[in-house]
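User: Hi, I'm new to this one. Could you show it to me and walk me through it?

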Amino acid sequence: MQQIVVDKFDLQILDALQRRGNATNSALGEEIHLSPSQISRRISRMEQGGIIASYAALLDPAAVGLDVAAFAQVTLERHGDSRSDAFERAVAALPEVVACFSVSGDADYVMHIVAPDLVAFSEVMMKRIMRLPGLAHLKTNIALKKVKQTSVLPLDHIMHAPQSRRRMQFASA
């Protein structure tokens, strides 16, 4: 794994891009006090180094008619690579599942599911989720209110994490 050296300017660029992914290099340069060409070079380096994985417009689910959000805890019948692989491939094909994590604890997976309404959610659950390969147990919670949701990752730890545990190395000068 290649280690990438970043400084305070890089961290400021990353923070700004997380909050405003469509910011121009000129706007970022004014905010961070670097020239647009320096901003461009730094962004390119972080894209090539895999720190910046992609760019996207984040949509408001309610604004596009997805008013129901649910979180499902899934336990598989049996464990093993082929069972897990089949389940994960099937989940990846479901557009209503916007996130799925393999987890520790009582469940094997936790999924974030969206739907336009409870009728559509029921349909997805009964006809698609409940038929996933290897599914033994499913416990679902429907979100009543969004308290916090962000795509902005905290970055302060990068300056303090032990060198052996990170892909980014902080250069304080």
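Analyst: Happy to! Let's start with H1 and H3, two helices that are roughly perpendicular to each other. This is a predicted model, where local features need pLDDT of at least 70 and side-chain atom pairs count only at pLDDT 80 or more, while totals for chains, interfaces and linings use all residues. Residues are numbered from 1 along each chain as its sequence is written, and side-chain values use heavy atoms, leaving out hydrogens and water.

User: Where are H1 and H3, and at what angle do they cross?

Analyst: H1 covers residues 8-19 and H3 covers residues 36-48; their axes come within 11 Å and cross at roughly 80°. Helices (H or I, at least four residues) and strands (E, at least two) are DSSP runs, numbered from the N terminus. The axes are lines fitted to C-alpha atoms, for helices over the stretch in contact, and the angles between N-to-C directions run from 0 to 180 degrees. Angles of 65 to 115 degrees count as roughly perpendicular, under 35 as roughly parallel, over 145 as roughly antiparallel, and the rest as oblique.

User: Which residues make that contact?

Analyst: From H1, Phe9, Asp10, Ile13, Leu14 and Leu17; from H3, Ile39, Arg42, Ile43, Arg45 and Met46. Contact means heavy atoms within 4.5 Å. The residues involved divide into 7 nonpolar, no polar and 3 charged. Here Ala, Val, Leu, Ile, Met, Phe, Trp, Tyr, Cys and Pro count as nonpolar, Asp, Glu, Lys and Arg as charged, and the others, Gly among them, as polar.

User: How about H2 and H3, at what angle do those cross?

Analyst: The axes of H2 (residues 25-32) and H3 cross at roughly 105° and come within 8 Å. H2 and H3 are therefore roughly perpendicular to each other. Asn25, Ser26, Leu28, Gly29 and Ile32 of H2 meet Pro36, Ile39, Ser40 and Ile43 of H3. That contact has 5 nonpolar residues, 4 polar and no charged.

User: Which residues of H3 are buried?

Analyst: Ile39, Arg42, Ile43 and Met46. Buried means under 20% relative accessible area, exposed over 50%, and partly exposed in between (1.4 Å probe, protein chains only). Seen down the axis of H3, these buried residues fall within an arc of 100°, so they line one face of the helix; the arc is that of the directions from the helix axis to the C-beta atoms. They pack against H1 and H2, while the face turned away from the buried side carries the exposed residues Arg41 and Gln48.

User: And what comes before and after H3?

Analyst: Histidine 33 is in the loop between H2 and H3, and at 68% relative accessibility this histidine counts as exposed. Its phi is near 70°, a positive value in a residue other than glycine. Most residues other than glycine have a negative phi. After H3 comes glycine 50, whose phi is also positive, near 80°.

User: Changing topic: how many residues does H4 have, and how far does it reach?

Analyst: H4 (residues 81-92) has 12 residues and reaches 16 Å from its first C-alpha to its last, close to the 16 Å expected at 1.5 Å a residue. That expected span is 1.5 Å times one less than the number of residues. Its buried residues are Ser84, Phe87 and Val91. They fall within an arc of 65° seen down the helix axis, so they line one face of H4.

User: What do they pack against, and what sits on the opposite side?

Analyst: The buried residues of H4 pack against strands S2 (68-76), S3 (97-102) and S4 (109-115). On the face turned away from them are the exposed residues Asp81, Ser82, Arg89 and Ala92. Leaving aside neighbours within four places in sequence, serine 84 is in contact with Leu76 and Tyr109; its relative accessible area is 16%.

User: One last stop: what does histidine 112 contact?

Analyst: Histidine 112 lies in strand S4 and is buried, with a relative accessible area of 18%. Apart from its neighbours within four places in sequence, histidine 112 contacts Ala69, Ala70, Phe71, Glu96, Val97, Val98 and Ala99.
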